[in-house]
Amino acid sequence: MSSTRFHDLLAARPILFADGGMGTGLFAQGLETGDSPELWNIERPERVQAVHRGFAEAGSDIILTNTFGGNARRLALHSAQGRVRELNVAGARIARAVAEEFDRPVIVAGSMGPTGDIFQPVGALSYEEGVAAFAEQAEALAEGGVDVLWIETISAAEEIQAAIEGASRTGLPIVSTMTFDTNGRTMMGLTPEAAITHGRNCACRPSAFGANCGIGPAQLLDSILGLVRASETGDIIVAKGNCGIPQYREGAIVYDGTPEIMADYAVLARDAGARIIGGCCGTTPEHIRAMVAAVNGSARGPVPDVETVERLLGPIKTQSGRPAEGGGEREGRRRRRA
């Protein structure tokens with residue numbers, strides 16, 4: 001493990017490509033809805049390994065461990081709260097083994113998702129309990145050999161602060177991403193501008209800030225533009241959006257984003273100012289391959305405006321808390337492309 005590997009690769013490359021949807025890959029291999037993906041780090045390691053390998057072969061420079069729900073609060077839903085160290089160490093080692101198969105640098109990022117609890121004073125979880133839960137997971141991921149800790153899909157200011165504090169105890173670099181899916185804000189009301197400012201003011205400043213998941217690539221791009229507007233010189237911005245918009249079809253959740261749409265999203269994310277670009281739910285190696293080819297095969301363009309984003313990706317549902325204009329017509333164009 002090298003705590004400098006992540007920063008070294010950022011210094012050497014203008015753009016790094018992250019992976020896609022771990023859950024999507026595991027569901028394709030038989031994981032059932034409601035099951036704990038983290039248990040597969042012990043029970044089905046070869047299937048987890050196959051997902052990592054698929055993304056790395058498609059061009060991902062960063063692969064995220066299968067540990068999104070690996071904190072004790074989340075594992076308690078599966079009566080596995082006492083297995084935090086075991087499951088996270090295993091997840092990190094699986095990803096590390098895949099990374100070592102390649103003759104180019106592949107960064108292993110330790111995925112750390114939310115606790116699933118609401119923090120005090122609104123909810124029952126104390127800040128200290130949150131820090132302890134994240135620290136326990138982070139220390140296990142560090143033991144397993146990750147290069148960076150990747151906090152993702154957080155909505156609350158208190159939780160992102162607790163996650164950063166807990167992760168900082170390892171001394172590893174930290175990436176912090178939040179989900180802006182409610183009127184252009186996180187579920188708990190943070191705008192992209194407020195989120196990056198809050199993260200920057202934490203005692204241990206993350207190495208990169210960003211947006212992940214959400215309600216489709218167009219809205220994700222709007223969040224990236226907000227993050228860039230509030231960024232300072234040297235800030236690294238991460239774009240890791242869902243593959244289109246989720247829809248329920250024949251008993252399953254599917255995403256309508258084609259490789260072509262995700263390629264457009266990746267190019268726009270780069271032009272907007274993101275330096276780490278990947279996908280989230282629904283994103284497969286096929287999508288990542290198209291994204292890598294599109295970015296590497298084109299020169300950087302101007303920062304995209306709303307019209308350009310909507311023309312290529314579909315409507316931005318909200319801009320600065322208000323509905324975007326012209327959404328219906330552009331939605332039709334996007335769906336015909338999909």
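**Exercise 1. How do the residues lining the second largest pocket divide into nonpolar, polar and charged?**

Solution. Start with the source. This is a predicted model: local features need pLDDT of at least 70, side-chain atom pairs count only at pLDDT 80 or more, and totals for chains, interfaces and linings use all residues. Residues are numbered from 1 along each chain as its sequence is written, and side-chain values use heavy atoms, with hydrogens and water left out.

Step 1. A pocket is an open set of points on a 1 Å grid over the protein atoms alone, where a 1.4 Å probe fits, with protein on both sides within 12 Å along at least five of seven lines; lining residues have an atom within 4 Å of a point.

Step 2. Take the volume, the space filled by probe spheres set on the points. For the second largest pocket it is about 280 Å³.

Step 3. Find the lining. It has 18 residues, and Ile-118, Ser-155, Glu-159, Met-187 and Met-188 are the closest to the centre.

Step 4. Sort by class. Ala, Val, Leu, Ile, Met, Phe, Trp, Tyr, Cys and Pro count as nonpolar, Asp, Glu, Lys and Arg as charged, and the others, Gly among them, as polar. The lining gives nine nonpolar, five polar and four charged residues.

**Exercise 2. Describe the lining of the largest pocket.**

Solution. Step 1. The largest pocket holds about 1,200 Å³ of space.

Step 1. Its lining has 42 residues; Gly-23, Thr-24, Phe-27, Phe-68 and Cys-281 lie nearest the centre.

Step 2. Helices (H or I, at least four residues) and strands (E, at least two) are DSSP runs, numbered from the N terminus. H2 gives the largest share of this lining, five residues.

Step 3. The classes are 15 nonpolar, 20 polar and seven charged.

**Exercise 3. Which parts of the chain does the Asp-61 and Arg-104 pair tie together?**

Solution. Step 1. Check the contact. A salt bridge needs a side-chain nitrogen of Lys or Arg within 4 Å of a carboxyl oxygen of Asp or Glu. Asp-61 and Arg-104 meet at 3.6 Å, N to O.

Step 1. Asp-61 sits in the loop between helix H4 (45-58) and strand E2 (62-64), and Arg-104 in the loop between helix H6 (84-99) and strand E3 (107-112), so the bridge ties together parts 43 residues apart in sequence.

Step 2. Check exposure (buried, under 20% relative accessible area; exposed, over 50%; partly exposed, in between; 1.4 Å probe, protein chains only). Asp-61 is buried at 3%. Arg-104 is partly exposed at 27%.
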